[in-house]
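Subject: Structure for you to look at

Hello,

Here is the structure I promised. Please open it and keep it beside this note while you read.

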Amino acid sequence: MGGRTPLLVLTFSLAVLSIKLGISHGCRETERKALIDFKRGLHDPSNRLSSWVGEDCCAWEGVGCSNISGHQLNRLDLSGNYFMHKPIPKFLGAFRRLTYLNLSGAGFMGRVPAQLGNLSTLQHLDLSYNCYWDDEGDSVTKLTSLKALDLSGSVFQDGFMQVTHISNLCKLQILCLSSVPINDVLANLEMVFSGCLRNSMEELDLSGTQLSGSFPDWLGNIKNLKSLDLSSNSLCGSVPASIGNLSLLQHLSLGSNDLNGTISKGIGQLKSLVDLDLHENSLSLSEDDLANLSSLEYLDISYNFIESLHGSLPASLGNLSMLRSLDLGSNNLNGMFPESIKRLKGLRDLDLYNNSLSLSEDDLANLSSLKSLDISYNSIYLNKSDDWIPPFQLNGLYMGFCQILPKPHFPNQLRNLEGLQLYENNLSRVIPNCWKTSSNLLLLDLSSNKLVGGVPDSLCNLQMLESLHLSHNNLSGQIPHCLKSCTELATLDLGHNNFIGNIPTWIGESLLYLKTLSLRSNAFTGSIPQLSSLPSLRILDLSNNNLSGTIPQSFGDFRSELEYTTRQLSMDTLIDLSNNYLSGNIPEELGNLHGLRSLNLSKNYLIGQIPWSIGRMKQLEVLDLSRNNLSGAIPSDLAALNFLNHLNLSYNNLSGRIPNGNQLQTFTDSSIYAGNPNLCGPPLTKNCTLNIAKAGEEEQNEDSSKSRMETLWLYTSITLGFIIGFWAICGSLLLQQTWRTSYFRAIDNMFDKLYVMMVVTVAKYKRKL
């Protein structure tokens, strides 16, 4: 029962835990007791803290001691653990010399304890990605030594903390509120930054905080600001000229807003700017907007669709000699390749996705530093010249693969190219067989075209390749065995083609760095090979094939690596084996994949019960077991899946009461249980109480009928036994004369012996009398 009972799961990894200890004093008793109290407050099923015994806490695992200064706990990192929505322990306030405390993504819930206010020396506090009640400023805002505060992605059930209290943190340099809805307190933020924070703040992240209205003009008063992120909001209007007052600003992100008008003269005055992100707005670009940004290295103005970008780019763009990355995707650029880009000799990443540019032989000749080129989803054609004949013609579009790869007689032609993306370009015919071992390609994306034939052997020469995308084509044949030599592959996507044969076993033996394997929507047959030796595997999609056999007991680790960003967490760990011919039981061992977020086994021929071990997949968000032959009750352990937001158990043979409690109560759509006539309870209309009474009556009638049948069978078997035994003996005597003679002779002998014994016995009694 231990494995099935909801427990405080601790995958305890103290990333940085140091105790500063004097040489002569050893482990101070008060600190040793504090660590023991800390251990007692945890449930440690994996026994990771077994070394925390004895007097010398310096020898404990995860504890480091310094022989230079002090005896106090200095840094504590509990991020990435899962504390089952428990409150933050109050005894953390006893570690009074903490300078670093990280509780990010640890599953804490409840009020931030007032005891944290005792950490007077704390400089870095990370409370991101947890769920809190409003602490009303009683704890965090007492931390007057705080320099960095991160509350990103947190949920405040009783409303966001009073931001005005942050103004008391006069040493605060970094404030991250990403994905925290603070639109209703935007006016208060101006008050916060009108005091001492106006001079101390260096990094401010307000991305995804539901800000709306005009761009906050008062941000220009935070003179020491070096990084400002206002992306993924609903800010509208123009960028005020006051932004130009931020002379130290190096990183500015305004992407995914509703900004319009010119980029503004203010941005053009930011001479220290290194990174500028303006994607997904409606900003216009004039000749002088970028002229003074001499330090700019990264520029993203994609998805603007602005009038001034329709057709051409300002010549001043070519003066950005420090530029390393340029993203101009989805801007309706057309005509000849821009002259300004040709002058960017230091450019390493160029994205011209979704435009209508023409490309000639010399356009890329000077971009010798280019490592990543994305010209996908264009109707790009390569202009023809006498000395450069493209290897094939594609629906009137020319695409010279082989000329893009480095050759001896093209010394400056993209020799350093590491990424080549040509998806969505109507490429047809076969993949050219001209790939060279001298290529530095790490990424090759030819997906969503009309390529036919097989994968050429020369493609296996790209032994540095890390990502290969060939999906959504008309490729056929088997996966070439030579891909076994591309041992650096982390992503292999061959989905939506016409590949046949078995999935090669060498995938699980040679591609040890593989993180993503997608072979969906092909015609693969046979069983699923052993993939348990792939420690980095995070995405496995084998759906819509003709695979048969049983589900393997192991698929690798599928560990949960929390990588929070300003954007919504993606479904980055999944197994999809749906729509195949798999049979047998669902292995209990699948429950060991604790980091899995999506499991789809639908449309197969699976039997048996749903394993209770699925309840151990604490990160599971999607579970689809529909259209199988599963039977038995739905395990109550599924109620422990707190992150589950999609469930489908329809069209099986499940029976009994649908479990309730926790996350399962949120599933009110009865269709997810359809096709299971023996299920009852909400959200189904079938009443379990009446069903149980009816079942009891039916069971009683069944028992009575069963008893009568057993009695009938008893007497029938006795009668048949007598008849068979009688005729087996008598029939043999009648049919066999020798048996009959022997039988009656034996009877006569036995009678004679009994007669003699009886006469002798009577004579003895007479003599005695």
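Which hand does the disulfide of Cys460 and Cys482 have, right or left? The torsion about its S-S bond is about 50°, so this disulfide is right-handed.

Before the rest, some ground rules. This is a predicted model, where local features need pLDDT of at least 70, side-chain atom pairs count only at pLDDT 80 or more, and totals for chains, interfaces and linings use all residues. Residues are numbered from 1 along each chain as its sequence is written, and side-chain values use heavy atoms, with hydrogens and water left out.

**Disulfides**

A disulfide here is a pair of cysteine sulfur atoms within 2.5 Å. By that rule there are 3.

Cys460 and Cys482 are joined at an S to S distance of 2.0 Å. Cys460 lies in the loop between strand 31 and strand 32, and Cys482 in the loop between strand 33 and strand 34, so the pair ties together parts that are 22 residues apart in sequence. (Strands are DSSP runs of E with at least two residues, helices are runs of H or I with at least four, and both are numbered from the N terminus.) Cys460 is buried at 4% relative accessible area. Cys482 is partly exposed at 23%. (Buried means under 20%, exposed over 50%, partly exposed in between, with a 1.4 Å probe and protein chains only.)

Cys170 is joined to Cys196, S to S 2.2 Å. Their link is left-handed, with -80° about the S-S bond. Cys170 is partly exposed at 39%, and Cys196 is partly exposed at 27%.

Cys680 is joined to Cys688, S to S 2.1 Å. The torsion is about 105°, so this disulfide is right-handed. Both Cys680 and Cys688 are buried.

**Strands around Cys680**

Cys680 is in strand 48 and stands opposite Arg657. Strand 47 (residues 653-657) and strand 48 (residues 678-680) pair in the parallel sense over 3 bridges. Strand 45 (residues 629-632) also pairs with strand 47 in the parallel sense, over 2 bridges. There, Gly632 stands opposite Leu654. (Two strands pair if DSSP finds at least two bridges between them.)

**Whole chain**

The chain has 9 helices and 48 strands. Of its 769 residues, 48% count as buried. Among contacts (heavy atoms within 4.5 Å) with a separation of 6 or more, 56% are between residues 24 or more positions apart.

Best wishes
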